[in-house]
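Have the sequence and the 3D view open side by side for this one. We'll start with the whole thing and then work our way into the details.

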Amino acid sequence: MGIQIQENLTKANGFLNAGRPEEAKQLLQIAAETALDSKEILFALNCCHFMINSIRQAESAEDSFESGEIIINEWKSFESTAARDHMPQTILYSARRGFFTLALENYSKLANEQDPRQRAEICRKIGLCYKKFGEYETAKNCLLEANSLFSGSAAVLAELADCFALCGEERKAKVLFREAFFLDPQKIDLCFLDSELICCLIRKVSDKGLTGAVLQEWIPVYGVLFGIFTVKRELRSQEVGRLKQEIYAKENESKDPSSDTNILTPRLINLYFWLIDHYVLTNTEQSKINQILLKIKILDPAIYSLFVK
């Protein structure tokens, strides 16, 4: 690749980085005239075209939040294809930075939102953008604000846990990941989690052939079995009551022949794990623990064997 072509590619990457695909495309088209077989240039052009189309879609949105959501969802779609096709990482990084730069511009317009719940979601998305830039401390502060505005969000806690892990605060990360997947695994967008702590767990569970919603439900179960979700806390009395109510509801739901056991089984097992932890931490008599262990054994003997070994 000639010096001029390489310079154009470098400049184009800079424009992609800044979310300016039209300018990047002009440079790449010039470079492509003399380097038609360059995989890097062709991929960079593909990034430009995709980003341009994404911006057009975002411009048709009703408000800035929806525009940001369109940009992020477009990136998810593009990244999954690029990762599968093993595209050049340098260009992929520039494209990712560009997409999240555009998303951040839209979310930042709503920074003065007064409704606490909506502001929490905006803070979460702003935090996500900064995390994708590698600015983990800034991201963490945004996510801490989101959690203070509206606590109990699985999505916020998972992103916050990811930031703690990326900042090297693994113990805090383990606590928050465990909490997030207990609250609602379905609300956690796995593709936006970046730390090796959680990505390694996701890969291991995926290797078992699990995908989609079922994969998300099994992650907290295997998080316990693989020794990742190991940092535990004592539940408050109200939380114990809610935990037992949810177990009762899920057990009744599982008796319905039309229920989805693929989702219910791991959800119930995770609830049982939490109840066992509560019994252990509060020195409850062994007979109650044995009752829960028997339920796990009946539900899934293989999981039971892994848990008690």
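What follows is a walk from the overall fold to helix packing and then to the aromatic rings.

First, keep in mind that this is a predicted model. The protein has 15 helices and 0 strands. Its C-alpha atoms fill a box of roughly 75 × 45 × 40 Å, taken along the principal axes. Of the 309 residues, 49% count as buried. If you take the contacts with a separation of 6 or more, 63% of them come from residues 24 or more positions apart.

Now for how some of the helices pack. Two packed helices are described by the angle between their axes and the distance between the axes. Start with helix 1 (residues 3-17) and helix 3: their axes are 11 Å apart, at an angle of about 25 degrees. Angles under 35 degrees count as roughly parallel, so helix 1 is roughly parallel to helix 3. The crossing of these two is left-handed. On the helix 1 side, the residues involved are Ile5, Leu9 and Leu16, and they meet Glu40, Ile41, Ala44, Cys47, Cys48 and Met51 in helix 3.

Next, look at helix 10 (residues 196-206) and helix 11 (residues 212-225), whose axes come within 9 Å and cross at roughly 110 degrees. An angle from 65 to 115 degrees counts as roughly perpendicular, so that is the word for helix 10 relative to helix 11. Here the contact is made by Leu201, Ile202, Val205 and Ser206 of helix 10, together with Leu215, Trp218, Ile219, Tyr222 and Gly223 of helix 11. This crossing of helix 10 and helix 11 is right-handed.

On to the rings. A pair of aromatic rings is described by the distance of the centres and the angle of the planes. A search of the whole structure turns up 14 aromatic pairs. One of them is Phe50 with Phe99, a tilted pair at 6.2 Å centre to centre, with 55 degrees between the planes. Phe50 sits in helix 3 (residues 39-59) and Phe99 in helix 5 (residues 89-108), so to speak a link between distant parts of the chain, 49 residues apart.

Another pair to find is Phe182 and Trp274. Why is this pair called stacked? The ring centres are 4.1 Å apart and the planes are at 25 degrees, and planes under 30 degrees apart count as stacked. This pair also links distant parts of the chain, with Phe182 in helix 9 (residues 170-183) and Trp274 in helix 13 (residues 261-281), 92 residues apart. Phe182 counts as buried because its relative accessibility is 19%, and buried means under 20%. Trp274 is buried too, at 2%.

While you're at helix 9, look for Glu179, which is placed there. Glu179 is buried, with a relative accessible area of 13%. Leaving aside neighbours within four places in sequence, Glu179 is in contact with Leu157, Arg233 and Trp274.

Arg97 lies over Phe133, 4.2 Å from the ring centre. Lys204 lies over the face of Phe226, at 5.4 Å from the ring centre.

Terms used. Residues numbered from 1 in each chain as written. Predicted model: local features only at pLDDT ≥ 70, side-chain atom pairs only at ≥ 80, totals over all residues. Heavy atoms only, no water. Phe/Tyr/Trp six-rings, centres within 6.5 Å; stacked < 30°, edge-to-face > 60°. Helix = DSSP H or I, 4+ residues; strand = E, 2+ residues; numbered from the N terminus. Buried < 20%, exposed > 50% of the residue type's maximum accessible area, 1.4 Å probe, protein only. Lys NZ or Arg CZ within 6 Å of the ring centre and 35° of its normal. Contact = heavy atoms within 4.5 Å. Axes fitted to C-alpha atoms, helices over the stretch in contact; angles between N-to-C directions. Parallel < 35°, antiparallel > 145°, perpendicular 65-115°, else oblique. Left-handed = near helix turned anticlockwise from the far one by under 90°.
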